[in-house]
Amino acid sequence: MSADRKRQTRAALSMLAAVGLFAMMDAGLKLLSARYPPFQVASLRGAASLPFVLAWALATVGPAALLRVRWSLHLLRGVLGIGMMAAFVYALRSLPLSTAYSVFFVAPLLITAMSVPLLGERVGPRRWIAIAVGLIGVLVLLRPTGEGMLSLASLAVLGAALAYAVSAITVRLLARTDSTQSMMVWLMAMLALGAGALAWPDWVAIRSADLWLILGVGVAGGLGQYAITEAFRLGEASLIAPLEYTALVWGVLLDLSLWGVLPDAITWLGAAIIVASGLYLLRRERAHAESEHP
């Protein structure tokens, strides 16, 4: 196996791990969203992960590597992270995880589209067709009539998806000069401090019973952030982005086990379309890679 193929495989495995970890984190965020304001939950997410991320960064690259960074891009990524997390937490108050994920599936499409002009990546016509079919699946999930599309919760998820897509592109740009550790540390720090400042006027006292839940969110979020940062650092954005679709499986399982909610027939239909298009997209990428590296 060539070095490029190994790198792409590592990126794919990192993305799959990240999706599972973030699903666990999102379940915790949904539980917290019922008791705390969105910006406060976003701040707690960053603060809970920061100690783990900072300890790992100092042990591996030291403090100097955390300071020699492209501050403008880190600041942009921090602002995007605050907006994304707060909007997504707001949506989780009223939407099941599987529904929120279904709307959020527009993010990989945005990443793929932006990877062409911003990163110079090549996306062939068959991949565009597969992505378009996936978008049709998302529309089916939102209902053919558009039901739910104009709800504040769904609009919040769409906004979060856009912020996530731009943030993913900044990771690819930052990876050319900055370490994975610096990207993780400063995102968590800006999320904790920035969202905390916005949440302060309406801050709600944290219940002692929620401390273990917050710790779980921090551990899952920290590990997930590392995995997804590595995925976009190692892999081609337009290749690994479709693996986000596996979040739907996690969403369904968590909705059923924690809240007793099961998707209806139309949701299953939309999910089937998205999964089929994602699998075809990955198959085309594998065939393309094999033709270039026999």
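In which helix is Ser-167 found? The residue sits in helix α8, which covers residues 152-174; helices here are DSSP runs of H or I with at least four residues, strands are E runs of at least two, and numbering starts from the N terminus. The model is a predicted one, so local features need pLDDT of at least 70 and side-chain atom pairs count only at pLDDT 80 or more, while totals for chains, interfaces and linings use all residues. Residues are numbered from 1 along each chain as its sequence is written, and side-chain values use heavy atoms, with hydrogens and water left out.

Ser-167 counts as buried, at 11% relative accessibility (buried is under 20% relative accessible area, exposed over 50% and partly exposed in between, with a 1.4 Å probe and protein chains only). Setting aside neighbours within four places in sequence, Ser-167 is in contact with Arg-77 and Leu-80, contact being heavy atoms within 4.5 Å.

Beyond its neighbours within four places in sequence, Met-85 touches Met-25, Leu-29, Ala-42, Arg-45 and Leu-191.

Met-85 also shows up where α2 and α4 meet: Pro-38, Phe-39, Val-41, Ala-42 and Arg-45 in α2 are set against Ile-82, Met-85, Ala-86, Val-89 and Tyr-90 in α4. α2 and helix α4 (residues 71-92) pack at about 120°, with their axes 8 Å apart (axes are lines fitted to C-alpha atoms, for helices over the stretch in contact, and angles run from 0 to 180 degrees between N-to-C directions). That makes α2 oblique to α4, given that under 35 degrees is roughly parallel, over 145 roughly antiparallel, 65 to 115 roughly perpendicular and the rest oblique.

As for charged pairs, the count comes to 2 salt bridges, each a side-chain nitrogen of Lys or Arg within 4 Å of a carboxyl oxygen of Asp or Glu. In one, the closest N and O atoms of Arg-35 and Asp-210 are 2.8 Å apart. Arg-35 lies in the loop between α1 (3-33) and α2 (38-60) and Asp-210 in the loop between α9 (180-199) and α10 (211-234), so the pair ties together parts 175 residues apart in sequence. Arg-207 also bridges to Asp-210, at 3.4 Å, and the three residues Arg-35, Arg-207 and Asp-210 are linked in a network. Asp-210 is buried at 3%, whereas Arg-35 is partly exposed at 31% and Arg-207 is partly exposed at 44%.
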